[in-house]
Amino acid sequence: MPEKDISSVLKKPRLVVRNFLARPQHEGVGAIVRRSIGRFELKYFDPFLVLDEFSVTAPAGFPDHPHRGFETVTYMLQGAVTHEDFEGHKGTIGAGDLQWMTAGRGILHSEMPAAQGTQKGLQLWINLSSSQKMIEPKYQEILSKDIAEASKDGITVRVIAGEALGTKSPIYTRTPTMYLDFTLKPGAHLQQPIPTSWNAFVYVLEGEGTFGSPQSLPVTAHHLLLLGISGDGLETWNKSSKTLRFILVGGEPLGEPITQFGPFVMNSQEEIDQTIEDFENCVNGFEKARHWSSGDPLN
């Protein structure tokens, strides 16, 4: 059966409704992040809590810190980061590698540079529904060489979660999510379907692209574009002479109340108060925090 022509995939492309430049700010100990979701202009984009483009050079990093109630997705762009947690899980992810961590009821971990020079990557926080906030922590890790990839008509996509160009990711998303890393050569034209009920955004990594409408102004690196809810997908053009690279992320909104206190994300203030008490007393998922330390010198 012949493959469907990508130029006829969409009936009504989504338009860009908001555009943010993610400016550098300090985070962790000495690390620099460009935060686009989770800052004062955009506290929450259901189900997404945070999107950071991080840059860290030793001895800076993200020493021991807890999480509860959501998932963190770390996608390395350059260098390597070593992760270690109080369950004994330890490993290093390098350029192009992926770690999809479900914090669930609680995790205490560190994320530190593992190579010379500057380590760069993206970290996305995805909220969990109330029924899944207290599940056991879990990991899904995929090496760069094992990430699903497809190419067609000047477009290459790395399918981190979801499906694109007929290729599916093996990642299981508890909150239904798509996460696609697109590279468009000069002159390439993309139409990528997005489930109609999902929220979706674009974050530009390099080059410049035209998104939503051919009349739109080109958008450059470090910009976050929120897509309108009306429409069935994203349309993008690379009208420049250089390569365009961006991520397209979409997710099914949870539609639940949210209360956040730093690395803890629950549904009510009472649950946050209980989480803080649990962490301070090393109970209800934080038992191993009492006697664990990663050994990082920044702790």
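Reader: Where in the chain is L165 found?

Author: This is a predicted model. In it, L165 sits in the loop between β15 (163-164) and β16 (167-168).

Reader: What makes the backbone of L165 worth a remark?

Author: L165 is not a glycine, yet its phi is positive, at about 50°.

Reader: Which value of phi does C282 have, and where is C282 found?

Author: The phi of C282 is about 55°, a positive value although C282 is not a glycine. C282 belongs to the segment after α1 (269-281).

Reader: Why is C282 called buried?

Author: Buried means under 20% relative accessible area. C282 has a relative accessible area of 11%, so C282 is buried.

Reader: How do you know that I272 is buried?

Author: The cut-off is again under 20%. I272 has 1% relative accessibility, and therefore I272 counts as buried. The residue lies in helix α1.

Reader: What does I272 touch, leaving aside its neighbours within four places in sequence?

Author: I272 is in contact with T259, Q260, F261, F264, V265 and M266.

Reader: How do you know that a residue such as T259 is in contact with I272, when the C-alpha atoms have a distance of their own?

Author: The C-alpha atoms of I272 and T259 are 7.2 Å apart, and the two residues are 13 apart in sequence. A contact is judged on heavy atoms within 4.5 Å. I272 and T259 are listed as being in contact, so they have heavy atoms within 4.5 Å.

Reader: Why is I258 called partly exposed?

Author: Partly exposed is the range between buried, under 20%, and exposed, over 50%. I258 has 31% relative accessibility, so I258 counts as partly exposed. The place of I258 is in the loop between β24 (244-251) and β25 (259-261).

Reader: Which residues does I258 touch, not counting those up to four places away in sequence?

Author: I258 touches Y44, L49, N127, V265, M266 and N267. For a separation along the chain, take L225: I258 and L225 are 33 residues apart in sequence and 23 Å apart in space, C-alpha to C-alpha.

Reader: What makes P214 partly exposed, and where does P214 lie?

Author: P214 lies in the loop between β20 (208-211) and β21 (219-220). Not counting residues up to four places away in sequence, P214 touches W237 and K239. P214 and K239 are 25 residues apart in sequence and 9.5 Å apart in space, C-alpha to C-alpha.

Reader: Is V9 buried or partly exposed?

Author: Buried would need a value under 20%. V9 has 23% relative accessibility and therefore counts as partly exposed. V9 is found in the segment before β1 (16-21). V9 and H291 are 282 residues apart in sequence and 55 Å apart in space, C-alpha to C-alpha.

Reader: What kind of peptide bond joins D46 and P47?

Author: That bond is cis, with omega about 10°. P47 lies in the loop between β3 (31-37) and β4 (48-57). The bond from A58 to P59 is cis too, and omega there is near 10°. P59 is found in the loop between β4 and β5 (62-67).

Reader: How many helices and strands does the protein chain have?

Author: There is one helix, and there are 26 strands.

Reader: Why is the chain called as compact as a globular protein of its length?

Author: The globule rule gives 19 Å for 299 residues, and the radius of gyration is 19 Å, so the chain is as compact as a globular protein of that length. As for burial, 54% of the 299 residues count as buried.

Reader: What share of the contacts with a separation of 6 or more comes from residues 24 or more positions apart?

Author: Such residues account for 71% of those contacts in the protein chain.

Note on methods
Residues numbered from 1 in each chain as written. Predicted model: local features only at pLDDT ≥ 70, side-chain atom pairs only at ≥ 80, totals over all residues. Heavy atoms only, no water. Helix = DSSP H or I, 4+ residues; strand = E, 2+ residues; numbered from the N terminus. Rg over C-alpha atoms; globule rule 2.2 N^0.38 Å. Buried < 20%, exposed > 50% of the residue type's maximum accessible area, 1.4 Å probe, protein only.
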